[in-house]
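Hi,

Here is the structure I promised to pass on. Have a look at it first, and then read my notes below.

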Amino acid sequence: MVENLFEQNLLWAVLAAVCWLFAARGARRLATRPHSRALRRRARLGLVLLVTALLTLTVRAALGVALAAETDWWGATDFLLLAVAPQVIVGAVVAWLSVPAYWRLTGWDRAARRSGEPGTGAGPGGPGTGEDTADGVADGARKPTEPHRAPTGDTRPHTTNPAPAPARLAAPSGRGTAALTRTGRPTTTDPVPTPASEAGTTAGTEAEGATPASSTVPTPAPSASGLAGPTGRGTTALTRTGRPTTTDPVPTPASEAGTTAGTEAEGATPASSTVPTPAPSTSGLAGPTGRGTTALTKTEPPTTTEAGTEGTAPAPAGPTGEGAATLTETGPPTGEVGSAAQGDVQGAPTPVTRSAAADPRLVVPVRVGGVAVGLGALFTLHPPAPPYTAFLVLEMTLLALAASGLVLVQQRRRVAVGAPGWRPASRGRRLVRSLAVVTCGALLVAGGYGLAARESRLPDRMATAHHHAYDTGGGPGPGAAPARSVTDLTGPSTGAADRRFTLTAGTRIVRLASGETVDALTFNGVLPGPELRVGIGELVEVTLVNQDVTAGVTVHWHGVDVPNAEDGVAGITQDAVRPGGRHVYRFRADRAGTFWYHAHQQSSTTVARGLFGALVVTDEARQPTPSDGVDRTVVAHAWSVGDARGGGSPVRGSGGALSGRNGLGGDLRTAFGDDTGERRERVAAGTPVRLRLVNADNCPRTYTLTGTPFKVAAIDGNEVSAPTDLDGTLLRVAGGGRYDLTFRQPRGAVRLTVTGDANAGAGSQGFEGCGEDGAYGTHGTRESPSLILAPDTASEAPAADTGAPLFDPLHYGTATGPRPLTPGDDGFDRDFRMVLGNSVGFYDGAPMMLWTVNNAVYPDIPSLLVGEGDLVRVTFLNRSLDDHPMHLHGHRMLVLSRDGERADGSPWWTDTLNVAPGERYEIAFRADNPGVWADHCHNLDHARDGMVLHLAYDGVSSPYETGASTGNTPE
């Protein structure tokens, strides 16, 4: 569940960033649309895109909360604080300010209201549809319609919505009429039509063939009176409204005897349109003698006066003249955007409409939302290391600065686009601007890429002052213990060794028993290295000789709690042994069990090529084996055969595709020892058998034992208390882990085989690494090695059942006595939490998917500080896309719980705990082996890419250094 939620968080973070990028771009460019219809369409498209962006943000936030709830909140604190919280705040502001502003520009609200008005049409282009009205039309305004012409002989214009005839007074000796209209909403005044024979015309009619600029219909208005204008042939108009409007009178041709107020010459684009609105109590007064019609127009601001063309104010007509005179009076602004007088739908949007589309309340929240979602995606793909408070303050500060700056910029932009005569930039200019933006963006990306790559490079020398930072786990800080050096923490330096071995490391081509060849690194010329068997309590002395391994070599005793100086980690407990050099290890094996040894200098490559072997510590008292019994060590490893690449050139292979540089190439084939095929051994019926399984690879390996019931007698060299019989159960052994199986040979054959192996073949090529879809290589294993034990060669072992249940150590066996490592009333002395995750970034100059501990990689992961004798608890949470077999050097760990479920079987001791994606483990250990210890993922490709930290005892330091110039590269 956690793995799926983590994947979904990554996916939706990127998806939300893309949606908000387009939404922010659309909001910025909305006011530059060339036509009113295009602006309205873009507003509708922008609203849909913005709602989609808000939905992606909602899903993203829900996934972050779900991940936090699934991981007890602390496992997703970074997502909640840095990716979810700021985005939710900005999203709320967008829903509050930007969505309503978009809605007003779409015209959908007016269309909805008009469709419900009584007496209005519902067809396309009708008064109730809003389809043919100019963008931003105020309520009550309508586009002018072509006047209906009377039959032949009647040239008077007809109106479609007549109102009660207003009372009129005789005008002194005038052929025109005068009209004053006052309404509370934008409207126009239509004087009563006059006969065509009169020299003057009715206010509101258009010249023959002209496009109407102001269409008027006789409409009663409150307290409106018609006044006779001075003698003249022009028209004077005054309109007073309570909402913003635009009056665009057009000069009347001189040849005409009289004109209608607000009409335009033939072919002119209409600038004002009015719709008849019933209103009470209108009176007409006679004006002075004149041939024209006098109309007085009074508007309350904001208003724009246009005369034929945008940005040109008409000259008022005098008392006597051929033209039209217009008087405009402004009043307070209102919330309506534009009027019908603001332009035809095919014309450019008016300044008022553009100003509304460039409103900072519409644009700025969306653009800030884009910044917030972008930062959220960045913090999701590359989350910072804790504590997160400073990053949260930084993020909120950046958003506040972005909002302030964008408000100032958008205010200036609004003034610019709202100015009369403003036109969008030419296509060529826009192209140049786009190229400049793309070029600057590319330079920033390239510069950021180079800077990040350079900053990620590991120093040439790193002293151990590896502990540049400590995680104290709630305990006291450093400085309380006396100073000691790793070089003082050695094994017994005197006394004769009980067992002496020499391991000579060299390069050679080795032919496996099954016939394949391997370009290998070997100990003593064999693959795997020779098995070392010692008795419990014996003093062991091993001399390491480097014959010709150019990179150097060390030996680490995996699972054996040796003194710190004998641990064999290059750059921490010793220097790597150069070609021709040697190093002596001395230690006592104080616990019986199955262990193994391997190189810990460039271990991701040297182990893959063969520098490893089995180490068995026996205790005859606890593990009685008759002289005729069988005790077999089965070391499983995926060898690079066929087209293998010498020198360990790292390419994609085992360990999961996301590691970036995995494996050795060639065809990876799993072998038991040096045999990739089937091996048969004769074992008499009734013989006690102990099979020691060692997984010498990165990924978990799944085994089956068929043909007999069996017991899991030991895990990682630790005996299981009161084990019970298992039959047909699958056994999944962690990378670097060991299981001991015991049984008595039956009369038939027993088969040990691998049924799931992500380390070999196609199983290693999955995108999610070892456990893709929970299969662990079962879908990619072409053929598997087998060990068949039978009383005779004719016996056939039953086939493996891949659908059998999986062995669970959490409830296996029975505890005897009190539970170990039980804390007292004061609880644990130290308590650490480790979130195992993924991050997109750079490591040592290379881009890759990083494997992180608390969002950091080596050497930036703080060391776990402990004091000698401390009882320590560590919680592992894996929210990454791959398994992590966590290996603590020098100590063994007791599993307390998994996913909140307490361990209630035999005490589950381990030194290599596989934490699968989504799993959460609590473990405990006693800090009883002082030193500086490696604590890392034993998927050695992950360790090579930075999934390494240290367990540091207070007062202990190391004189050794790591880095390219030192020759010490432990992973």
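The cut-offs here are under 20% relative accessible area for buried, over 50% for exposed and partly exposed in between, with a 1.4 Å probe and protein chains only.

Before the rest, a word on where this comes from. This is a predicted model, in which local features need pLDDT of at least 70 and side-chain atom pairs count only at pLDDT 80 or more, while totals for chains, interfaces and linings use all residues. Residues are numbered from 1 along each chain as its sequence is written, and side-chain values use heavy atoms, with hydrogens and water left out.

Surface patches

Leu 21 is found in helix H1 (residues 2-29). Helices are DSSP runs of H or I with at least four residues, strands are runs of E with at least two, and both are numbered from the N terminus. Together with Val 14, Val 18 and Phe 22, Leu 21 makes a nonpolar surface patch of about 370 Å². Patch members have over 30% relative accessible area and no salt bridge; like charges are joined within 9 Å, and nonpolar side chains (Val, Leu, Ile, Met, Phe, Trp, Tyr) within 5 Å. The areas come from the Shrake-Rupley method with a 1.4 Å probe, and for residues only the protein chains shown count as cover.

Arg 28, Arg 427, Arg 429, Arg 430 and Arg 433 gather on the surface as a patch of positive charge. For charges, Lys and Arg count as positive and Asp and Glu as negative, with His and the chain ends not counted; the place of a charge is NZ of Lys, CZ of Arg, CG of Asp or CD of Glu. Helix H8 (residues 427-455) gives the largest share of the positive patch, 4 residues. One of the residues in helix H8 is Arg 429, which counts as exposed because its relative accessibility is 57%.

Helix H2

(The expected span is 1.5 Å times one less than the number of residues.) After H2 comes Asp 72, with a positive phi near 60°.

Salt bridges

How many salt bridges are there? The count comes to 33, taking a salt bridge as a side-chain nitrogen of Lys or Arg within 4 Å of a carboxyl oxygen of Asp or Glu. In one of them, Arg 533 pairs with Asp 631, with the closest N and O atoms 3.3 Å apart. Arg 533 is in strand E17 (residues 529-535) and Asp 631 in strand E23 (residues 630-641), so this pair ties together parts that are 98 residues apart in sequence. Both residues also belong to a network of salt bridges that links Glu 531, Arg 533, Asp 631, Arg 690, Arg 692, Glu 719 and Asp 740. Arg 533 itself is partly exposed, at 26% relative accessibility.

Glu 678 and Arg 751 form another salt bridge, at 3.4 Å from N to O. Here strand E25 (residues 678-682) holds Glu 678 and strand E32 (residues 750-757) holds Arg 751, so the pair ties together parts 73 residues apart in sequence. Glu 678 is partly exposed at 45% relative accessibility, whereas Arg 751 is buried at 15%.

Then there is the salt bridge between Asp 945 and Arg 944, at 3.1 Å from N to O. Asp 945 is buried, with a relative accessible area of 0%, and Arg 944 is buried as well, at 15%.

Backbone points

Most residues other than glycine have a negative phi, and most peptide bonds are trans. With that in mind, which bonds and residues go the other way?

- Leu 527 and Pro 528 are joined by a cis peptide bond, with omega about -20°. Pro 528 is in the loop between strand E16 (517-523) and E17.
- The bond from Tyr 858 to Pro 859 is cis, with omega near 5°. Pro 859 sits in the loop between strand E35 (846-853) and strand E36 (863-866).
- Asn 854, in the loop between E35 and E36, has a positive phi near 55°.
- Asp 899 has a positive phi near 50° and is partly exposed, with a relative accessible area of 41%.

Cheers
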